[in-house]
Amino acid sequence: METLVNAYRDMDTSQKVLHAVGGVVAVVSVVGIRKLYHKETKKEYPRDTVIHHQIGRGPYAPSMTPFAVKLETYLRMASIPYQNVHRGQRSSKGKLTWIEYNGQAVADSTLCIEFLNKKLGVNLNRNLSPADRGVAQAMQVMVEEHMYWCRVLFRWVYNNDKSILIKAFKLGTFRLWSIQRKLKNVTWSQGLGRHTEEEVTEMFKKDLQSLSDFIGMKKFLMGDEPCETDCAVFGQLSQVYWHFTASGHENILKDKYSNLAAYCERMKETFWPDWDQCITHGGTREATK
Ligand SMILES: N[C@@H](CCC(=O)N[C@@H](CS)C(=O)NCC(=O)O)C(=O)O
């Protein structure tokens with residue numbers, strides 16, 4: 001530092017002016033380039049259209065993220081005009097998926113749905129009694145706050161065949177290792193990561209069994225008509241049915257919970273007529289494995 005101060009002191013005035021001008025030019029260029037880049041990347045989105053920020057499409061279901069499948073299914077169920085942006089940009093809360101609507105950003109899939117319900121007067125649970133709404137809420141919390149974390153452990157921690165993840169998320173060895181490490185810590189803090197794989201498998205099966213018993217022969221979660229909570233349940237089950245990576249349990253829905261497999265197919269047929277254009281791999285997992 002002292003050497004720098006001395007060198008500056010030894011300069012004549014013209015050299016000092018040149019240095020100052022050089023510094024200003026450098027700063028202005030950096031700011032200009034950043035502004036230009038920002039201008040290019042910040043798109044003008046159409047008004048009254050939901051901009052859905054998510055990662056790229058999934059190989060066998062429209063996303064590897066259950067929350068993106070949930071939100072997009074809701075947008076379809078409610079017939080809300082939307083546009084996907086598959087840049088993987090995270091929300092202000094550091095997670096995916098999220099939306100922008102007429103310039104307003106909303107993070108967290110459930111809060112996005114609540115925001116749109118209010119803004120656009122949507123109520124997909126309007127036919128449910130208060131007691132049914134209570135059950136639907138409990139089911140949603142079970143699949144999103146418990147079953148989801150079991151599956152995170154299957155996908156990122158127990159899974160011996162990471163090829164589907166490497167391909168779908170375009171991961172290098174280091175990135176894969178750092179995600180695994182992070183999720184090990186996260187699931188430890190959440191609590192499920194402290195159990196053995198066998199214990200987690202049993203807990204996971206118990207959730208599936210409860211869901212299967214509850215849906216029974218019904219077409220959708222709460223009856224013959226789909227409701228808002230079907231979006232959350234389908235989002236989570238889509239990952240178990242089409243993207244499950246648990247050695248020996250890949251076809252668990254087909255093998256053990258056939259009404260849940262049929263439910264997934266029904267939701268797909270009802271809300272995703274363009275399914276094949278929304279997946280990257282094409283065909284069924286079995287056919288391409
Ligand atoms: N409650 C959130 C959960 C979203 C969430 O956990 N997303 C995961 C992907 S499946 C994520 O962004 N994880 C990134 C991270 O935790 O750093 C929602 O409903 O949107």
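## Cysteines

A disulfide is a pair of cysteine sulfur atoms within 2.5 Å. In this predicted model, the number of disulfides is 0.

The structure contains an open sheet of 4 strands, arranged in the order β2-β1-β3-β4. The pairing in this sheet is mixed. Because β2 (82-85) and β4 (104-107) each have a single partner strand, they stand at the edges, and one side of each is left without a neighbour in the sheet. On average, neighbouring strands are turned by 25° against each other, with direction ignored.

Strands of a sheet pair through backbone hydrogen bonds, and the pairing is either parallel or antiparallel. Strand β1 (residues 50-53) pairs with strand β3 (residues 98-101) in the antiparallel sense, over 4 bridges. Within this pair, Val 50 has Tyr 101 of β3 as its bridge partner.

## The helix across the sheet

## A cis peptide bond

Where in the structure is Thr 97 placed? Thr 97 is in the loop between β2 and β3. The peptide bond that joins Leu 96 and Thr 97 is cis, with omega at about 25°.

## Residues with positive phi

Asp 48 is in the loop between α2 (13-41) and β1. Phi of Asp 48 is positive, near 55°, and the residue is not a glycine. With a relative accessible area of 45%, Asp 48 is partly exposed, because this value lies between the 20% limit for buried and the 50% limit for exposed.

Ser 79 is found in the loop between α3 and β2. Ser 79 is not a glycine either, yet its phi is positive, at about 50°. The relative accessibility of Ser 79 is 60%, so the residue counts as exposed; the cut-off for exposed is over 50%.

Conventions
Residues numbered from 1 in each chain as written. Predicted model: local features only at pLDDT ≥ 70, side-chain atom pairs only at ≥ 80, totals over all residues. Heavy atoms only, no water. Pairing = 2+ DSSP bridges. Helix = DSSP H or I, 4+ residues; strand = E, 2+ residues; numbered from the N terminus. Axes fitted to C-alpha atoms, helices over the stretch in contact; angles between N-to-C directions. Buried < 20%, exposed > 50% of the residue type's maximum accessible area, 1.4 Å probe, protein only.
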